[in-house]
Amino acid sequence: MKDPVISVRDFRKTYGDFVAVDGISFEVQRGEIFGLLGPNGAGKTSTLESLEGLRAPDGGSLQVMGVNPARQSRKLRNVIGVQLQTSGLPDSIRVDEAMKFFSAYHRVAPRYDLLDRLGLAEKRRARYHQLSTGLQRRLALALAVAHDPPVLFLDEPTAGLDVPSPVELHNLMRELQAAGTTIILATHDMAEAEEMSNRVAILLRGKIAATGTPLELTATGAGLTKVSVRTKGSSLSDPAVTFPAVSQRVFKDEYAIYFSTDVGPTVSAIIAHVEAQEDTLIDLRVERPSLEDRFLEITRTEGTNTGGAQ
Amino acid sequence: MSAFVNHFSFEFRTGIRNKTLLLMNYLFPLGFYAMMGLVMAEINPDFVETMIPAMVVFAILAATMLGLPDPLVTAREAGIFRSYKINGVPAISILVIPALTTILHMVVVTVIITATAPLLFDAPLPVNWPGFVVTFLAMAFACAGLGLLIGVISPSSRMTVLWSQLIFLPSMLLGGMMLPYSLLPETVRRIAQLLPAIQAMNAFRGLAHGLTADFDPWGSLIVLLASGVLAFGLAIYLFNWDRRNTTQRGHPLLALLALLPYAVGMILL
């Protein structure tokens, strides 16, 4: 049963003559991780910040847990947690002070355990300006979830984080999702969006260019599936041998690599051919197009359709 | 209540941790007080008569005009207010709590000046303590309001300095701290009445130190309080969370309304 936690209807945001968001609509269901993707200037941050009550919409309607973000800011604060892309804390505030400070405004007990969980245990007494960018973002995340909000907005959460940190962040996101938290994730990291999101919307020049699950999006594009095959013998080395739905073939590092528009018939035909030649299959890999491939395809197509504008 | 106490406690500590605020709240006024006590008392023995109110007024001006506005501007520019907003910190707390903690720092400095000036420089204590306290609070309230208003309307730290100095520098010259109001030329006296410092010095003379006020000291008190109310109200009205927020509730020039009571006082007092 559908249980929308966030509802966006014909949302429009302008800055003077510039239309940042041009009448978009989408819903996010309870417990979903919803990825908001798009290049710089696509309207992601305007959409997020309007949902967070930081900007007033110029048209349409926005609802977060039944709350109008532009008019009911006090109610909104207790139902959302936000890790902003650009925000700050006073230079002189200590990590544990920040937790106490914001927890008091949310009327909850400080969650010092989150500081430990996010690798800030040794930095509890450090001042904000003494933290690296990655640690500052971890602190922002700890503060965003400290009051256990049912809706969490993460704007580029892994930007500036060192290598192991995104893993911990993703684990935390999964735990929060399992506990029923709805997460809106705006990111440039397509691998992250593909791995973490139940559904994504791709924004381009203020409009939604595509929406669906990562699997749906990658399946619907014109992107070619890569089939890499390695055999013991030379059954695939004859350039005259062709397979159905293959548009391109290359040989690399003992692999025959086929780019297929319809992977099922291609793989069946390859296996049948290898067996018929009494050859032995050593390795066969099928790699579907990634969300990044699909994203690039959509941005290229949209760019062409609109005269190649940025 | 807990949130308010936490916020107040943090802001108060910031007033000491932050080197600029420590300078403006304590080091500059107390250093200036020591210097004036040593130098001015020698040059102008009459200065000692109003040394305590003059140094208190100076301390208030330094903390509120030079210390209070810039952290507001830099916090807005650094996105700190955005963090506050998304975590439910009300705008009124963002403005009122730093003003209150600044006033508390000024109370500490005032106690130090009042306790040491008679011992170190033979400065006379106030003869009417309630009058001294009320005048101190009225001046602190008026200047804290103006400091907040400057912080709210300034688009950058550079502009903050300009606006602050527009009040601070004339106050140093014409505010009755170094040179008594009675010695100023007639036209300059009128202009000086636009400054909170001259109103505070007049009220201190008439209501706290048993001296002859240059004009109605109660009028000065009313002017300070009215200006404070207007400045706080305008600061809250014109407050902007975010430099990127293009929606403004009023033009920054509305801030000039906070000087209206001084203009009325200039005509009536």
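**Exercise 1. At what angle do helix α7 and helix α10 of chain B pack, and how far apart are their axes?** Then work out how the two helices run relative to each other, and find the residues that touch.

*Solution.* Keep in mind that this is a predicted model.

Step 1: Find the helices. In chain B, α7 covers residues 129–153 and α10 covers residues 196–208.

Step 2: Read off the geometry. The angle is about 170°, and the axes lie 9 Å apart.

Step 3: Apply the cut-off. Angles over 145 degrees count as roughly antiparallel, so α7(B) and α10(B) are roughly antiparallel to each other.

Step 4: Look at who touches whom. From α7(B) you'll find G131(B), F132(B), T135(B), A138(B), M139(B), A142(B) and C143(B), and they meet P196(B), A200(B), A203(B), F204(B), L207(B) and A208(B) of α10(B).

Step 5: Sort them by class. This contact has 11 nonpolar residues, two polar ones and no charged ones.

**Exercise 2. Now try helix α2 and helix α3 of chain B: what is their packing angle?** Describe the crossing and the contact too.

*Solution.* 

Step 1: α2 (residues 19–43) and α3 (residues 51–67) of chain B pack at about 155°, with axes 9 Å apart. That makes this pair roughly antiparallel.

Step 2: Check the handedness: α2(B) and α3(B) cross in a right-handed way.

Step 3: Pick out the contact. On the α2(B) side, the residues include F28(B), F32(B) and Y33(B), while α3(B) brings, among others, M55(B), F58(B) and L66(B).

Step 4: By class, you get 14 nonpolar and three polar residues here, with no charged ones.

**Exercise 3. Is D242(B) buried, exposed or partly exposed?** Say where it sits and what it touches.

*Solution.* 

Step 1: D242(B) is in the loop between α11 (217–238) and α12 (260–268) of chain B.

Step 2: Count the neighbours. There are 18 other C-beta atoms within 10 Å of D242(B). Buried would take 20 or more, and exposed 12 or fewer, so D242(B) is partly exposed.

Step 3: List the contacts. Beyond its neighbours within four places in sequence, D242(B) is in contact with L54(A), F81(B) and R82(B).

Step 4: D242(B) and F32(B) are 210 residues apart in sequence, and their C-alpha atoms are 36 Å apart in space.

Key: Residues are numbered from 1 along each chain as its sequence is written. Chains are lettered from A and ligands numbered from 1 in the order in which they are written. This is a predicted model: local features need pLDDT of at least 70, side-chain atom pairs count only at pLDDT 80 or more; totals for chains, interfaces and linings use all residues. Axes are lines fitted to C-alpha atoms, for helices over the stretch in contact, and angles run from 0 to 180 degrees between N-to-C directions. Helices (H or I, at least four residues) and strands (E, at least two) are DSSP runs, numbered from the N terminus. Angles under 35 degrees count as roughly parallel, over 145 as roughly antiparallel, 65 to 115 as roughly perpendicular and the rest as oblique. Two residues are in contact if their C-beta atoms, placed from the backbone, lie within 7 Å. Ala, Val, Leu, Ile, Met, Phe, Trp, Tyr, Cys and Pro count as nonpolar, Asp, Glu, Lys and Arg as charged, and the others, Gly among them, as polar. A crossing is left-handed if the near helix is turned anticlockwise from the far one by less than a right angle, and right-handed if clockwise.
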